[in-house]
Amino acid sequence: MLDLTLLEPGDVLVTVADYTNPLHWLFAWGAGSKYIHTTIYLGDGLEWSIEGFGSRVRPVGTDKYQEAYRAREEVFGAAAARVASRTKITEYDIPHLIFLGLQESVLHIPNNKRANLNFSTKAKICSEGVTDIYVAVGYDIVPGFENGQTMPRDIPTSDKLYRVA
């Protein structure tokens, strides 16, 4: 269970797959990783998330499958939370997620060599939205990736973040 008292605005929350859930299993297979979703903590028990038909603010799910990561530069976390709370993305780019997943899981293309094929300029997958928010405030939390290539599993392995919960 995620302890909200350890979190600060701007922390990146990562959902780890519950393999007893068929949807989680499918996302994990497609992502080539146990990490299946990313959000930004806004404070007061709320997170910014891209899902379904766009971005939204919702209460943090405190289930046992969440991990939290913090930017190594304090000022950027709070700034990212402010930007995220005002950012609207119109849709979740499901075709792009499937395309990236196929490159990773079926074709075994390394993450830094994946082709970028965004099907919509307004649509994002969760990890793209999170990294875009940080880039907008001047801190690239997953350096070395072009826009549209970041997957949820790239967040926990970044040397620009450290785990807090």
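1. Start with the loop that joins β2 (35–43) to β3 (46–51): D44 is found there. Keep in mind while you look around that this is a predicted model. D44 sits out in the open, as its relative accessibility is 79%, and residues count as exposed when they have over 50%.

2. As a rule, most residues other than glycine have a negative phi.

3. Next, go to the loop between α1 and β2, where you'll find K34. K34 counts as partly exposed, with 38% relative accessibility; that label covers the range between 20% and 50%.

4. What does K34 touch, once you set aside its neighbours within four places in sequence? The contacts are T15, V16, A17, Y19 and E67. Check R153 too: K34 and R153 are 119 residues apart along the chain, yet their C-alpha atoms are separated by 7.4 Å.

5. Together with L23, W25, L26, F27 and W29, Y19 makes a nonpolar surface patch of about 650 Å². If you're colouring by residue type, these are the side chains to pick out.

6. Take L26 as one member of that patch. L26 lies in helix α1, which runs over residues 22–31. L26 has a relative accessible area of 46%, so it is partly exposed.

How values were computed:
Residues are numbered from 1 along each chain as its sequence is written. This is a predicted model: local features need pLDDT of at least 70, side-chain atom pairs count only at pLDDT 80 or more; totals for chains, interfaces and linings use all residues. Side-chain values use heavy atoms; hydrogens and water are left out. Patches are made of residues with over 30% relative accessible area and no salt bridge: like charges are joined within 9 Å, nonpolar side chains (Val, Leu, Ile, Met, Phe, Trp, Tyr) within 5 Å. Accessible areas come from the Shrake-Rupley method with a 1.4 Å probe; for residues, only the protein chains shown count as cover. A salt bridge is a side-chain nitrogen of Lys or Arg within 4 Å of a carboxyl oxygen of Asp or Glu. Helices (H or I, at least four residues) and strands (E, at least two) are DSSP runs, numbered from the N terminus. Buried means under 20% relative accessible area, exposed over 50%, partly exposed in between (1.4 Å probe, protein chains only). Contact means heavy atoms within 4.5 Å.
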